[in-house]
Amino acid sequence: MADGERPRLAWGTRTFLAFAVVVAASVLSAAVVALIVGPPLFHEHLLELGHTGGSAEMAHVEQAFLDAGVRSLGAGLVVALGLATLLAWWETRRLRRPLDELAAAARRVESGDYAARVPVGDGSPEFDALGEAFNGMARRLDATEESRRRLLSDVAHELRTPLSTLTAELEAIGDGLVPWDREGHELLAQQAARLQRIANDLNDVSRAEEGRFELDRHPVPVALLVEQAVATFRPRYAAKGVELSGEADGGTVVADAQRVGQILGNLIENALRHTPPGGQVRVAGQTLRGETRITVTDTGEGLTADQRDRVFDRFYRTDTSRARDAGGSGIGLTISRSLARAHGGSLTVTSPGPGTGATFTLTLPGTTLPTS
Ligand SMILES: Nc1ncnc2c1ncn2[C@@H]1O[C@H](COP(=O)(O)OP(=O)(O)O)[C@@H](O)[C@H]1O
Ligand SMILES: [Mg+2]
């Protein structure tokens, strides 16, 4: 113990001492009052009964009264102190358990074990509230840690493929095994572009997490947004044999056209990836009660209820291995939803179930109804 530091008593001891002080103080004040008030009153009663003041008999009776009083008060003090000890021990034991559990769980979290939880529901409401708050905090840390782990492993995985292709190609060229021609150049440029895309995505993810997107909003016809998004994907849809259609009413929305294009592009690309050849994808823009709703509906794989809840999570993919091969990193929808929210709108999904297609709905406020 350092100099000047006061010795710290255990909580149980302090509780007992507090109980004991209260009991002793109560008994002592009762004794003082009784010894001050009692004897004169007793003396008066004796005089009233006809005893002569100062007689040996009266002195004896008074002494007996005083002795009895002191003895019973003493016995009372001992019994009360005994009870206080029992009560303090019982109360301390009752309160110590949840505190000990909480301290142990907090220590586990401190050492990096975010799975630590405390039991809730068998203590007093105050301890239950504390336990719930602690469990909520641990759950949140656990989720953050898990997504950080996934972020790092995903980033590493995403970078590995283009980097190894680039390295192999450059080595082959360096060794003179492959000529430096147009085809080789394209391959390198493609991999570099992929690295660029990953870097952009990661930048968007961190912005999305912090909710900071700078939007360049202007009035833009909804039909134009739909048309542009659809046009970009026509060749890829044709190549896979999936039908793509786009339609919109004459409404106008105040939005960042490029960012909305990014959201629609992601939805249309996802729909293509998850719809088998022969399927259909329909993009429809509609102006309703001051808001614009753009839906992307496909006839593809669909989503289970659990998947519907999670598709907007960072790096969530329903089929990890295949989605990775196909180039998806599971952050498109996370970014899209953040962008929709940055506009004051929303992005939601519905699906009747696996195999029955899905509908993603982008809602944007700041809409002017079509002028007729
Ligand atoms: N139209 C869709 N039909 C079925 N599943 C989808 C659809 N769109 C998205 N998903 C699921 O949501 C996941 C997350 O999508 P997204 O964030 O765009 O990531 P990515 O496209 O990189 O995989 C996808 O991996 C896929 O499992
Ligand atoms: Mg995507």
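Colleague: Is Arg96 buried, partly exposed or exposed in this model?

Modeller: The model is predicted. Arg96 has 37% relative accessibility, so Arg96 counts as partly exposed.

Colleague: Which residue forms a salt bridge with Arg96?

Modeller: Side chains of opposite charge can pair when their charged atoms come close. Here Asp100 is the partner of Arg96, with 3.4 Å between the closest N and O atoms. Asp100 and Arg96 are four residues apart in helix H2, so about one helical turn separates them. Asp100, at 41% relative accessibility, is partly exposed as well.

Colleague: How many salt bridges does the count come to?

Modeller: The count comes to 13 salt bridges. Among them is the pair of Arg273 and Glu269, whose closest N and O atoms are 3.6 Å apart. Both residues lie in helix H6, four residues apart, which is about one turn of the helix. Another joins the side chains of Glu291 and Arg293, at 3.2 Å from N to O. There is also a network of salt bridges linking Glu145, Glu146 and Arg149.

Colleague: Which residues coordinate the magnesium ion?

Modeller: For a general idea of metal geometry, ideal angles are 109.5 degrees for four tetrahedral donors, and 90 or 180 degrees for six octahedral ones. In this model the magnesium ion (ligand 2) is coordinated by the OD1 atoms of Asn266 and Asn270, at 2.2 to 2.5 Å. Helix H6 (residues 257-273) holds both asparagines four residues apart, so they are separated by about one helical turn. Asn266 and Asn270 are both buried.

Colleague: How do I read the strands around Arg282, and which residues are its bridge partners?

Modeller: Follow the bridges from strand to strand. Strand E2 (residues 243-248) runs parallel to strand E4 (residues 280-288), with six bridges between them. Arg282 in E4 is the bridge partner of Ser245. E4 also pairs with strand E5 (residues 291-298), in the antiparallel sense, over eight bridges. On that side, the partner of Arg282 is Thr297 in E5. The hairpin of E4 and E5 has two residues between the strands, and Arg289 takes a positive phi near 40° in this hairpin.

Colleague: Which residues make the nonpolar surface patch?

Modeller: Val79, Leu83, Leu86, Leu87, Trp89 and Trp90 make a patch of about 670 Å². Leu83 is found in helix H2 (residues 56-110). With 52% relative accessibility, Leu83 counts as exposed, because exposed means over 50%.

Colleague: Which residues does UniProt list for "domain: HAMP"?

Modeller: The unreviewed UniProt entry lists residues 93-146. Over these residues the model is 74% helix and 0% strand, and the end C-alpha atoms are 37 Å apart.

Technical notes. Residues are numbered from 1 along each chain as its sequence is written. Chains are lettered from A and ligands numbered from 1 in the order in which they are written. This is a predicted model: local features need pLDDT of at least 70, side-chain atom pairs count only at pLDDT 80 or more; totals for chains, interfaces and linings use all residues. Side-chain values use heavy atoms; hydrogens and water are left out. Donors are N, O and S atoms within 2.8 Å of the metal (3.2 Å for Na, K and Ca); water is not among the atoms, so sites may look incomplete. Buried means under 20% relative accessible area, exposed over 50%, partly exposed in between (1.4 Å probe, protein chains only). Two strands pair if DSSP finds at least two bridges between them. Patches are made of residues with over 30% relative accessible area and no salt bridge: like charges are joined within 9 Å, nonpolar side chains (Val, Leu, Ile, Met, Phe, Trp, Tyr) within 5 Å. Accessible areas come from the Shrake-Rupley method with a 1.4 Å probe; for residues, only the protein chains shown count as cover. A salt bridge is a side-chain nitrogen of Lys or Arg within 4 Å of a carboxyl oxygen of Asp or Glu. UniProt positions are given in the numbering used here, feature names are shortened, and annotations may be inferred rather than shown by experiment.
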